[in-house]
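Keep the 3D view open while reading.

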Amino acid sequence: MKIRKLVAMGLAAVMMMSMTACGGNDNGGSSTSTGDSESGDGKTYNIGICQLVQHDALDAATKGFKDALTEKLGDKVTFDEQNAQGDSPTCATIINSFVSGGTDLILANATAPLQAAVAGTTDIPILGTSVTNYGTALDIKDWKGTTGINVSGTSDLAPLNEQAAMIKELFPDAKKVGLFYCSAEANSLYQVETIRTYLEKDGYTCENYSFVDSNDIASVIANASKNSDVIYVPTDNTAASNTEVIKNTCVPAGIPVIVGEQGMCKGCGVATLSISYYDLGYTTGEMAYDVLVNGKDVSEMEVKFAPKVSKQYNESICKEMNIQIPEGYEKISMEEE
């Protein structure tokens, strides 16, 4: 009887140890990180993407963002990608759907989605991209690079002093520069006001030509082309969605257009000092991974900028307008069009 009792006790001990080991494996996955590229806890992350409008630059930023996270998380990340079709109130509707759906993180692609996201949640981490100046977009008076709230991201601002220098390099004999932008986009106004100071130091006379939305672009660009020697268009989302209208007015009139990014230059520009929006989005995706998996505090993450800018030109428009581009400019590939 003693032997049977000892065997029974031994079997019970083995069973308890086995159960403990199983329990330890279950808990270990959720409490420790594997350090691998994929999430160590088996969690699937749901990310809401609100993009203001469809055009080359914003599309590239969204793609870069998704590629970065997919490379790191594989099938452990899902995306709810929605486009506001250029309508700011629709951004709020999209953001509210993300909040009610329990999204783990929001990507706000452009300024209006960023502002809608900030208004919609103080809890869900928000990353912006294709946003020029976060201090202006979020009305932060003493901007120092971090927001202090549930927001960070990347900026698409290329150096405005270098953009002004490009205008002087290409058109030294011009006198009047028309500054063409959407009055509803705060960051467009910021760029226009900033570049104006550089252009006026170079001796140019500058005039603002603002439009409210796509409905009055044609009339405003027609007025600008009649009264300008050169037109400058910042990284403005409404203008970027209407480059054909700008081109069809300015090229026949012989008025060159300098723009803030490559996608716009493909459509209507002579030249640009541009960044890679794909790289910008990819960087934002890496930031998202740090927030979701590595536990970084988004409120303390500094807004990041594109690693490099490049001088680029539109060969076909330059030929049509008989504009000679100096060395040091990269020809924009038109293969995607």
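Strand 1 (residues 45-51) and strand 3 (residues 105-109) run parallel and are joined by five bridges. Within this pairing, isoleucine 49 has leucine 107 of strand 3 as its bridge partner. The model shown here is predicted.

**The main sheet**

**The chain as a whole**

The protein chain has 13 helices and 13 strands. It holds 337 residues, and 47% of them count as buried. Take the contacts in the protein chain with a separation of 6 or more: 72% of them are between residues 24 or more positions apart.

Are the faces of strand 10 (residues 271-274) covered or uncovered? Both are covered. Ala271 and Leu273 are buried on one side, and Thr272 and Ser274 are buried on the other.

Threonine 284 is found in helix 12. Its relative accessible area is 0%, so it counts as buried. What does threonine 284 touch, leaving out residues up to four places away in sequence? The list is Phe65, Leu107, Leu127, Gly128, Thr129 and Thr154. One of these contacts, Leu107, is also the bridge partner of isoleucine 49.

Threonine 243 is found in helix 10 (residues 243-253). With a relative accessible area of 13%, threonine 243 is buried too, because the cut-off for buried is under 20%. Beyond residues up to four places away in sequence, threonine 243 touches Met264, Gly267 and Cys268. The C-alpha atoms of threonine 243 and glycine 263 are separated by 9.2 Å, and these two residues are 20 residues apart along the chain.

**Pockets and a cavity**

Now to the empty space. Rolling a probe the size of a water molecule over the atoms shows where such space is left. The table lists the volumes.

| Space | Volume |
|---|---|
| Largest pocket | about 420 Å³ |
| Second largest pocket | about 360 Å³ |
| Largest cavity | about 90 Å³ |

The largest pocket is lined by 21 residues. Leu52, Gly86, Ser88, Glu185 and Thr238 lie nearest its centre. Helix 3 (88-100), helix 4 (111-120) and helix 9 (237-240) are the elements that give two or more residues to this lining. Which helix gives the most to the lining of the largest pocket? Helix 4 does, with four residues. By class, the lining of the largest pocket has nine nonpolar, nine polar and three charged residues.

The second largest pocket also has 21 lining residues. Ala60, Gln262, Ser276, Tyr277 and Tyr278 are the closest to its centre. Two or more residues of this lining come from each of helix 2 (56-73), helix 11 (262-267), helix 12 (277-292) and strand 12 (310-313). Helix 2 gives the most to the lining of the second largest pocket, with five residues. By class, the lining of the second largest pocket has seven nonpolar, six polar and eight charged residues.

How many cavities of 30 Å³ or more are there? The count comes to one. This largest cavity is lined by 17 residues. Ser130, Asp156, Thr235, Asp236 and Asn237 lie nearest its centre. Helix 2, helix 7 (186-201) and helix 9 each give two or more residues to the lining of the largest cavity. The lining of the largest cavity divides into five nonpolar, eight polar and four charged residues.

Methods. Residues numbered from 1 in each chain as written. Predicted model: local features only at pLDDT ≥ 70, side-chain atom pairs only at ≥ 80, totals over all residues. Heavy atoms only, no water. 1 Å grid on protein atoms, 1.4 Å probe; cavity = no way out; pocket = protein on both sides within 12 Å on 5 of 7 lines; lining within 4 Å. Points joined across faces, edges and corners; volume = space filled by probe spheres on them. Nonpolar A, V, L, I, M, F, W, Y, C, P; charged D, E, K, R; others polar. Pairing = 2+ DSSP bridges. Buried < 20%, exposed > 50% of the residue type's maximum accessible area, 1.4 Å probe, protein only. Contact = heavy atoms within 4.5 Å.
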